[in-house]
Amino acid sequence: MKAVISVTGKDGVGIVAKVSVKCAECGANIIDISQTVLDEYFAMIMIADISALNMTFGDFVDHMAVIGKESGLQIHTMHEDIFNSMHKI
Amino acid sequence: MSIVTRNDILETIHMIQHENLDVRTITMGISLYDCVSDDIERLCNNIYDKITSKAENIVKVGEDIAKKYGVPIVNKRVSVTPVALIGGKANSDDYVKIAKTLDRAAKEIGINFIGGYSALVQKGMSRGSEALIQSIPQALTETDFLCSSLNVASTKAGINMDAIYMAGKAIKELAYLTRDKNSIGCAKFVVFANAPEDNPFMAGAFHGMGEPECVINVGVSGPGVVAAAIKRAGNCSLNELANIIKKMAYKITSVGQLVATEASKALDVPFGIVDLSLAPTPAIGDSVARILENMGLERCGTHGTTAALAMLNDAVKKGGVMASSSVGGLSGAFIPVSEDEGMIEAVNVGALHLNKLEAMTAVCSVGLDMIAIPGDTSVETICGIIADEIAIGVVNTKTTAARLIPAYGKNVGDSVDFGGLLGTAPIMPVSPFSCADFIHRGGHVPAPMHSLKN
């Protein structure tokens, strides 16, 4: 089971670090990161293995959203199945 | 990216955050057959207990799924067996008690609407159905979340004009009884031809006679996604446009199927159908009218609107049907006036009239939906509008419906605001010429020739 974590907002020092630390705390294993900065606008898509989460997926979504709020970023965490359903036949 | 491409991920996120992609409703259908009792109090208790135990977790499950997939699930609803079928010897007062019981159960479990205060009277009226119809104005006035519907016609049975007359009177009375709230009672009552028995959308949802004990039906949405895709496509042919709509409908429906499967598992209730409907809301960017305008119409309602809608409706079905294991309900584009920002504007600028809306209903799902007309419109004229709409459904072997609001004390030039998803309805003019003698004939319009298929 995997989760897709999208992070967008104004660029700053330590965004990847903050998100990664929280993933580690929650037991999510990061397996792919795609990240770019365009005109000071930070955008990242992170894919994490969530089979060993130490909490419910719902709580993980909340934890990531809190990090986003604290850092002025938009963080959305979604289960991979929605992407698989929509984009694979 | 290891699972799907980065562009696919961005597309999905963009659809949800900027194009109003959502799942419109998870609706649990519940059979009330085993609640039947000859004692009205016991019947009400049975109904209350069954709904509050079967659907106890529907709201929480809906919220959990929305969080898991990051996609809003706007409504959680319940539909029940048409109440006229389980009322037994109930009289009109008893039916109002049942209505209040359904409303109380809806409030207890925290759902948005409960549907099924309904009767199936396409061929004739049983005593119970007649009592239920008579109770509708009071029942909908004294409840908050209850929705009611009548099936007054079918291709197989023809049109029950006596039932249409009773419905017209009920609509007029409802408008008066709820006059303090812009006649909002009428927004919770719909008159059908060929009503689907697994429809998850309100106000017409009920749990049909051949349905299982309990079932999960899901209604998708997403007009904003289709409108945006058409805009991005620019100047291409209609063939290419049809393909673009199909692809979007596939993606939208896939989300519905995923949610339906998940909800069915979590609630331990069998999955019924996904309803492939483009359901608009009054929000900007969530309009079916804007899809038609993006296809090349200056305003929804102008010449070409029916053709554009026919193509849209067909492409939505072709794309959607591939994405779901079981498709049902209404499945097509909805064109409710008050619930669609583009439709409201089209009426206000004089581009969209009742006659054009009627033509549009011949090629899309449902019918004359959420249309406000002058408060002094006669019962007979209301019946005439309904009968026209129903005839389109009967002859074309499709579902049609009418949800009309003769807004008390209002006239053309006014508008009525219902708030929330029900939106704002400009009062639309009706013909000043009478159809009273036709309506007063009463009786039954026989089924069309092509109903004899055996």
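Chain B averages a pLDDT of 95, and 99% of its residues score at least 70; pLDDT is the predictor's confidence in each residue, from 0 to 100. The model scores ipTM 0.90 and pTM 0.94. This is a predicted model, in which local features need pLDDT of at least 70 and side-chain atom pairs count only at pLDDT 80 or more, while totals for chains, interfaces and linings use all residues. Residues are numbered from 1 along each chain as its sequence is written, with chains lettered from A and ligands numbered from 1 in the order in which they are written.

Chain B is divided into domain 1 (24–193) and domain 2 (223–451), with bounds that come from an automatic or database domain assignment. The C-alpha centres of domain 1 and domain 2 of chain B lie 22 Å apart. Across the boundary, 42 residues of domain 1 of chain B are in contact with 46 residues of domain 2 of chain B, where contact requires C-beta atoms, placed from the backbone, within 7 Å. On the domain 1 side, E1, H3, E4 (146–154), E5 (158–160), H6 and E6 (189–193) of chain B each supply at least two residues. Helices (H or I, at least four residues) and strands (E, at least two) are DSSP runs, numbered from the N terminus. H6(B) gives the most to this side, with 11 residues. By class, the side of domain 1 of chain B that touches domain 2 of chain B divides into 26 nonpolar, 10 polar and six charged residues. Here Ala, Val, Leu, Ile, Met, Phe, Trp, Tyr, Cys and Pro count as nonpolar, Asp, Glu, Lys and Arg as charged, and the others, Gly among them, as polar.

One residue of helix H6 (residues 161–177) of chain B is B:Lys172. B:Lys172 counts as buried because it has 22 C-beta neighbours inside 10 Å; the cut-offs are 20 or more other C-beta atoms within 10 Å for buried, 12 or fewer for exposed, and partly exposed in between, with C-beta atoms placed from the backbone. Leaving aside residues up to four places away in sequence, B:Lys172 touches B:Val379, B:Ile382 and B:Pro406.

Turning to the strands, E2 (residues 73–80) of chain B is mostly covered, with seven of its eight residues buried. E2(B) pairs in the parallel sense with strand E1 (residues 23–30) of chain B over seven bridges, and two strands pair if DSSP finds at least two bridges between them. In this pairing, B:Ile26 stands opposite B:Lys76. Three bridges join E2(B) to strand E3 (residues 113–120) of chain B, also in parallel, and here B:Ser79 stands opposite B:Gly115.

Helix H7 (residues 223–233) of chain B is mostly covered too, as eight of its 11 residues are buried. Among them are B:Pro223, B:Val226 and B:Ile230. The buried residues of H7(B) pack against H1, H8 and helix H9 (288–294) of chain B. Just after H7(B), B:Gly234 takes a positive phi of about 65°.

Finally, the contact between the chains takes 20 residues from chain B and 23 residues from chain A. Helices H1 (6–18), H3 (58–69) and H8 (238–267) of chain B are the elements that give two or more residues to the chain B side. That side has nine nonpolar, five polar and six charged residues.

Definitions and conventions. Contact = placed C-beta atoms within 7 Å.
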